[in-house]
Each structure stands twice: as structure tokens, then as C-alpha cells.
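Look over the sequence and the structure before reading on.

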Amino acid sequence: MITNSSQAEISLRISPALKAEFHVDVAIVGGGLAGGQVAFDLIQAGLRVAVIEKTPTLGGTALRLDKGYPSDTCSMCMTWNKLLPLAEEKRVTILTNTEIEQVSGKAGSFTLDLRQKPRYVDASKCLACGTCVASCPVQVPDPVNFGLTLRRAIFKPVYGSVPNAFLIDPEVCTRCGHCVETCFTGAIDLSQPAETLRLRASWVVLATGLDSLPTAYLSAFGYPQYPGVITSFEMERLLSEKGPFKGIPVHPTTKTPLEHIAFLWPGSEAPAILSRSPIPSLVTLGEIRSLRKVLPDLQVTIFSQRDTGLQEEAVATLNPAPATELMAALANDPRLNYAPVASPPIVLPAEDGRVILSYRDQEGQEKKEEFDLLVLATDLVPGEKTRELAQLFGLELSADGRLIKATTTLGLPSNESSRSAVFLAGTANGPQTMPQATVDASATAAELLLRLAKQNRSWEEQPETAPRSEIRTGVFICDCGSEIAGVVDTAVLAQYATSLPGVDLLLHHRHLCSPEGIAALQKSIREANLTRIVLAACSPRAKGNLFRQALREEGINPGYLEMANIREQCAYVHRDHPGAALQKAREMLRASLARVRDNDFWRKYTAPVESAVLIVGLSPAALSAALTLANLDHPIFLVDEVSPAEALAPYFANLSAAEKDQLQSLWQAVEKEKKVTLLSGYDLLKTLGHLGSYQTTLKHIRNGQELKLVHAATVLGVPVAPALTPVASDEETKTHVETTFRGALAAAKATAANLGVAHRTDVNLAVAKATAGSSTAGADKTEAMAVTPRRLTPQRLATLFHIGLTEDGTFRSVAFKRLLPLDTDIPGLVFVGTQGPKQRLAAAWKEGLAAAARIYGLLVRPEVVREGPVAVVDPGKCVACLTCVRVCPFGVPVIGAAGAAEIDPLKCNGCGMCASECPGKAIQLQNYRDEQQQRRIAALFAAAAGE
């Protein structure tokens, strides 16, 4: 045991020394959502990055929010799933609890001297089992829940921390040593010193985020002196199931039920540093929706000092559709009152922690109302470290404290700061929603990739494995600390496993996912010559990749692994019934053991990556993506059914004079780019192939000539409502259109030769930037634009590319869509510009950059690799009934030349829908074949009968 006095002496003797020096391509300051996205995009392109975060965990503000507004998705889930892969990447150096002390060097060669504060817990050894927490006698108010709950001196910052490890608060720790004694991995070191690190990087990204409005500006409304006044961040915690009241808000002081609350949006009295962004109103509406679910009878009044109404406030976001849906859900709510006020309300305390608002409405009438709570929907200001970092890096600040940015040669906004090679990302550029921050971060990554195009890339090689016909099975049971063993009697489970047939080795371990556990697993495989592995442990989604990699390193194919999830499916759901949990664990272990012997060898499918990219639609966002990818040295097919003049005229009609000049410059840059092949007057017929090598067939609308393109990826750049707008009455716009496209219209009148060549390079040479045929003749007559029919609608493209549509008609994003707003479920297929002419040019420009960054990580790889269960067709049983073709959500099965279904393993997602629906049982999904499932069921019933 370590006493207080001895620890004090140790601390005095230790002085930080240079521990290590790192060399990376890009240093990212700030490990929030934006910093993580920049890192992810760069490592996908084979670059090395370091993430420097001043707090003990990645995730930033997003990890502490209950919901990601305006969507109703768990913010922690989205953020954790986004950032967790970074912790497993070898090309990422994560430095939490770390701050920059000194910066030297110049563009291309920066040196950052860092100071890493001690955690007193080695994150590489900590398994987050929580045993240490139970032994800690110290309890203090938890700042995450604004002091409404208690935490120990040893704690995790938030649920879902990355790294998923505990740390000790040195201000409250008594150095009793109980945690040291109980930690079986030896992760805790109460004498751990601060350390000085040196980081050398070619480029720097500041993703420092924003903070809520300082308390000094909120004191006029009684915060924090009145218990009935809270901020929207505190309301987030009241609504969170991980918060102090398990998601059912009550008054934080009196714990009484809420009947009538008020929200207040900032107004004209706000200081200059406020952005006047739509975020306060958007978060308010999202919180009201969440409140409605748990307190349906709650009365809510929204006080606003802004001139715009509720609808206008809500829709002023990157993508207005979710906010519009949110407004529609609340529009007819009789318990919601919107109250615009002429001046700031006066807040007075009332009995039982309530508050009174005295205000003058817009008609000048004096009113008073009493509320249980007043929620201040505060805006966001530059992070507290912004000014300090500006001084360290020599950056310029605006009068309101924001970092000044550069502009591109086209006059469009850049995310580069006032100093060369130092970039900004996410909310460091100003208040943004979570989707906006993600797009902005990917745009920053694209700008960096343009500078780092010639940089050396590194790719991780996976060990090769071979099929193993001999069956030798090892069963490994994990306690997961007390997470499993605290409910399931794992010692009894292990004894039971030895009685089951086919078990050649049994290992019972406290933590299989620990370095010691992995080493024990691999040692057992070698010594017992195991060929099949059954793990009774946690979720395959959480640790499956870790264990599969451990098997690869021992020459065991990952297909030979079977995991029984006795943590989430037994211990967690039957916590109050340990006997039932143990019985279920036995059943799951039997089933896994019966099935694993017939598990399939997972082949590694590879294919070369093509260089070209297909971009559909001539929107500003699509032009941005085309120019960026072309500058990254990739051929671009830019396809639309109409001429550039027709496609872009509606955008010119909705832009300011300055933006029209910028769009004109953007088009001219695309037109001059030799890597871009413009194909006007074409419709899309079909697209085949897989990630890295798609074949798309075009058809000329007027002469019917077909053209086949080969490309690695696709960008869809069409608006949700692609109706063309007549602009003849706008002389300024008409002048811009005629001037910008005079050369393109002239070229369109000449027919290009040799268009029917399939390979991208030949097409690029043959078309030579000319548009095809005379389909755009007369397109300068803008009066006809409104009646031009469009074929390339989102609905039709969704059918061609097998992607879903949302209720508002836009392309459906991937799971956790609010953090990947441009990605579809199809790898290598992204979309931009769905808002059409309503979107501001600067936002469209960044969307195009972001799309380029999302695709570039594929284009620079030597090959695509697919490893995992795939659906396999028995051609002897297939009768070509087309059932699989109809049910596959990804459009993978096709009827081949032999008259049977064919499934491309590089395109198969392993969902199993075709196998489950095939009436002739001609399709089987690897590791889920009928005989495996039947053997599993038989084992369950046979053992049950015996018991």
C-alpha cells in the first residue's frame, strides 16, 4: 500500500523528460468528431497521423450528448462507432491527456513539443473491467452529470471512452492503494509522472471545437445562481439514460416532476462572439421531441428574441430535411407555445426551485409566467484553447475570436488557416451540426490529400492462411472481469465444457482480450495444434476483429472462429437470474461447438482498382468533386443528360453576384482540366461490377449510341428535385450562363468520334473533353429550361445503383448516417448536392471536397480485398427463378450465361437474404449453411432432452 506522504515525495522527485519522438505525416490537434474524421480519411489513404487530445478521451462534445440532432440517433453510439476503429489502427498515434507546449518549424517540417499528463492507469493494460472502481472509497460529484451524481476517484470520463480505460483524479485520490491491489493486470501506477513527447509532422490540423457560452454571459438570466435555470447541455444529461435520472427528467434540485418548462434562445443582446447560428433552435426542437417521448403531457414555451419564426429557425441547417420533419412533428402540438419577445426576459426566483419570467411580447404587453425550469439554449463560441493555439502557431484571429482562413484560387473558401500548412476542421471553423462537422472535416482531409498526393503510402499486409481439414477444437471461456463472471458462474461453465464431445482443449481466462489473454490463446493454438476455436466471451462486433487477427497470426483462418456472446446475451439480460444466465450460456456453448466443426474457410478475394471515377450530374458539388479528384491525378467521367448551361442555370439563378463569379471560375477550371471527360446528353442504362471495378453503360439520348465506362467509384451529384428553372428574366444570370458556356456549347455541336470504346483511357483520348453529339443545340435558349424532362432523378438512380431513398426523396445514408452524411450502403458510392439550387455555393464546394476524400482512400490502394462469409450458388440446383435477384438489397445476383444465378464474392455483403429466400435451396451462406444450423438445433434439443 502507498501512503499519502510517500506519494508526495515521489511526485516531487519526478520531472518530465523527453520520453519518445514520433514522426507522422499529419498532426491533428483535437480528438473530437471532426479530428477523428480527418484522421480516418487520411489513414484510409495510407498516411500516418497523430491525434492530440487535451482530455482523457476522444469524442469531444459529441460523446457527451444524448442525441445527435436533428436526428434522434444516440450520439454516443454514433461517435463511439466512428472513433473506436482509430484505436485499432496501426497508422494512428493517439495521445490523450496531452497538450502542446511549443511549436517550431515551418510548412512541411513542424516540431511539436507535447506534455502528457499522467492518467495513473496504463491504457494499454487496462481492460475497463471496473474492479478497481468497486474498491475505491472516494466519491465526488461527477462533472459530466453537472454534479447530480457521484463518481469515484478512479473513473472513466464518459461511457464509451476512447481509449476504453480508467484514470485517476489526482486532486481527490487519497493514495490508499486499494485499486492497485485489486488490478490484476498491473495497469495502475500511482507514481506515474508527466511526460514530454516530441512530434514531428509535415502538416497540422486544428480541430479544437467550440465551447458553450461562458457562464458570465448567462448570469443575466439567473444562471447558475437560480436552481431552476439550466443550459441545454444540462438538459441533455437529464434526458440521457446514462444521466442522473435514467432518462426521465425531473427538477434537478427538488427532484419533483416537470409540468411546464421554458426554453430561451439568445437574441440581440448576445455578445459579438456569438455566431447567431441555428444550432440553439435545432437542439431545442430535438430536446422537445425527446421530452415528448417520456413526458407527453409536459407544457413547453419557447421564448425567442430573433426576428425569424420557428420554421425558419429550424431549417437553416446543412440539410433542412430532418429539421423540416422535426417541425412537422411538433407543428400541431397543443402543448407547445412559441413566444417571440421584444426584449430579454427578466428571470426571477420562485418557490421550490421554480422561476418566473417577466417579459414584453411583440405587441408591447407586459407578462409574467412561472415555470418549473428555464432552459438556456446557448450558442457556441471558440474553444478556450483557440487563442493560445493561435499564438503557438502564429495564426491570425478575427475580432470575434475566430481563426481566419484562406481562400482558394477560385475565390472559394479553404480550410487552410492564415499560416501555410496549418488547417482547420469541424467546429474550429464555426458552429456546425454533427453532419456539417463531418463533411467539413472530410473537406479538410481532401485539401491535405491534394498537398500530400506524392507522399509514400503504407498498407497493412494480412497473414495468409490455408484450409485445415483436421478438426481439433479449443474452447476458451472469458470472465470479462466481473462483467460475465459476476452473473454467470464461469467455473461451472468451464467444467461443463469438458464434458462435451469434440473438445480438445479448454482454457478459462479472466480477460481473453487482454494482451495476456491473446498470448495465452495463441500459445494454446500452437501447443495443441488447434484448427477450430470457440470463444464464450463478449460481442463479436466488439472484439471479433481482435480475435480474428490473433488467429491469422497463428495461421488459422478467421472463418474457423465461432463466438458465443455470453456477456450481452446472458450476463447482461439475465443479471437478476444467474441460474438462467448459466443455463443459457451452456446452450450457446453447445450450439457453437456443434456448428464450428463445419465452418467454412474464408477465402480472400482480391481485384485491382481502376483509376477513373464516374460523376453523375453537373451540380456545383459534383464539379467540386470532379476538380478535386482530377487534381489528384484520376480520370473523371462527368455525365449529365443535359448541357452544362441547362444543368447549372438554376444554380446561377439562386446565387449572389460574388457566388456567380465563383461558380463560373469553378466551371472553367473543370472545363480546362485534361483529366475530365464531359459527356453531355447521356442517360444511364445499367451498372455492373464491384468496388474498384464497375462497368456502367450510357446511352446517347438523341442518337442511341451506347458507351461503356470502367471506373472504380461513383459520385451522384443530382438534386432531390432536379426541375430546371427559367432564368431569361434575370439578365445578369443570363449573361453569366452565356459567357461561361459559350465554348462548351460550341463544342457540343461537333460530334466526337470513336465514342464506343470501353476502356476509360481510350474514352478520355477519343472524347477529348468535347460533349457528345448535338443534344445541347439550342440550350442557350433558357426559356425552354423549365419544361426539359429529366431522366437522371434520384428515384431512378437509386434503382440503378441499388440504394434506398428517404421519405424526402434523397439517397439513404449508411448506418449512423448523421456521421457519414454522404455515404451510401454501396461501397465506393457517395452522393452530393441533393439540396440543389437551394444549397449555398460554399457548402456545395465543401461537399465535393468531402466526397473526394471519402473515395480517394479506395483509388490509391493497389487492390480491393474482401474476406468474410459470402453466398455460394449450386448451379445444379438453380432454376433461374430470379428470386435472389429480386430480394438482394445490393443487386448482387445475376443470371449468368449458363442459365444459373451468379454471385460476385467481391460484391456480396453476406446478409443471407438470397439464401433464406431461395426456394430450391440453391444458395447457401458460408458458416450459416443448412446442415450447420440443423446440427446446431439438434445439439440443443438432444442435450435438453438429456438434462
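The points below cover the cores, a hairpin, a helix, the aromatic rings and one loop lysine.

The model is predicted. Its largest nonpolar core holds 146 residues. By the ring-pairing rule, the count comes to four aromatic pairs.

**Nonpolar cores**

- Leu112, Phe393 and Leu797 touch the most other members of the 146-residue core.
- Helix α25 (residues 841-859) supplies the largest share of this core, with twelve residues.
- Leaving aside neighbours within four places in sequence, Leu797 is in contact with Val616, Leu684, Leu716, Val718, Leu792 and Phe811.

- Leu684, one of the contacts of Leu797, stands opposite Leu698 in β35.
- Strands β34 (residues 682-690) and β35 (residues 693-700) pair in the antiparallel sense. Eight bridges join them.
- The two strands form a hairpin, with two residues between them. Gly692 sits in the turn and has a positive phi of about 95 degrees.

**Helix α12**

- Helix α12 covers residues 434-451, which is 18 residues.
- At 1.5 Å a residue, α12 should span 26 Å.
- Is α12 mostly covered or mostly open? It is mostly covered, with 15 of its 18 residues buried.

**Aromatic pairs**

- A pair of aromatic rings is described by two values: the distance of the centres and the angle of the planes.
- Trp203 and Phe423 form a tilted pair. Their ring centres are 6.3 Å apart, with 55 degrees between the planes.
- This pair links distant parts of the chain, 220 residues apart. Trp203 belongs to strand β12 (residues 195-206), and Phe423 to strand β25 (residues 422-424).
- Trp203 has 13% relative accessibility, so it counts as buried. Phe423 is buried too, because its relative accessible area is 0%.
- Why is the pair of Phe303 and Phe371 edge-to-face? Their planes stand at 90 degrees, and over 60 counts as edge-to-face. The ring centres lie 5.9 Å apart.
- Phe303 is in strand β16 (residues 299-304), and Phe371 is in strand β20 (residues 366-371). These two residues are 68 apart in the chain.
- Phe303 is buried, with a relative accessible area of 0%. Phe371 also counts as buried, at 0% relative accessibility.
- Phe303, Tyr359 and Phe371 form one aromatic cluster.

**Charges over rings**

- Arg175 lies over the face of Tyr120, at 5.8 Å from the ring centre.
- Arg532 lies over the face of Tyr560, at 3.8 Å from the ring centre.

**Lys54**

- Where does Lys54 lie? It is in the loop between β2 (49-52) and β3 (67-68).
- Lys54 has 32% relative accessibility, so it counts as partly exposed.
- Lys54 and Thr96 are 42 residues apart in sequence. In space, their C-alpha atoms are 6.0 Å apart.
- Not counting residues up to four places away in sequence, Lys54 touches Asn97, Thr98, Glu99, Lys117, Glu384 and Lys385.

Key
Residues are numbered from 1 along each chain as its sequence is written. This is a predicted model: local features need pLDDT of at least 70, side-chain atom pairs count only at pLDDT 80 or more; totals for chains, interfaces and linings use all residues. Side-chain values use heavy atoms; hydrogens and water are left out. Two strands pair if DSSP finds at least two bridges between them. Helices (H or I, at least four residues) and strands (E, at least two) are DSSP runs, numbered from the N terminus. The expected span of a helix is 1.5 Å times one less than its number of residues. Buried means under 20% relative accessible area, exposed over 50%, partly exposed in between (1.4 Å probe, protein chains only). A nonpolar core is a set of buried Ala, Val, Leu, Ile, Met, Phe, Trp, Tyr and Cys residues joined through side-chain atoms within 4.5 Å. Contact means heavy atoms within 4.5 Å. Rings of Phe, Tyr and Trp (its six-membered ring) pair if their centres lie within 6.5 Å; planes under 30 degrees apart count as stacked, over 60 as edge-to-face and the rest as tilted. A charge sits over a ring if NZ of Lys or CZ of Arg is within 6 Å of the ring centre and within 35 degrees of the ring normal.
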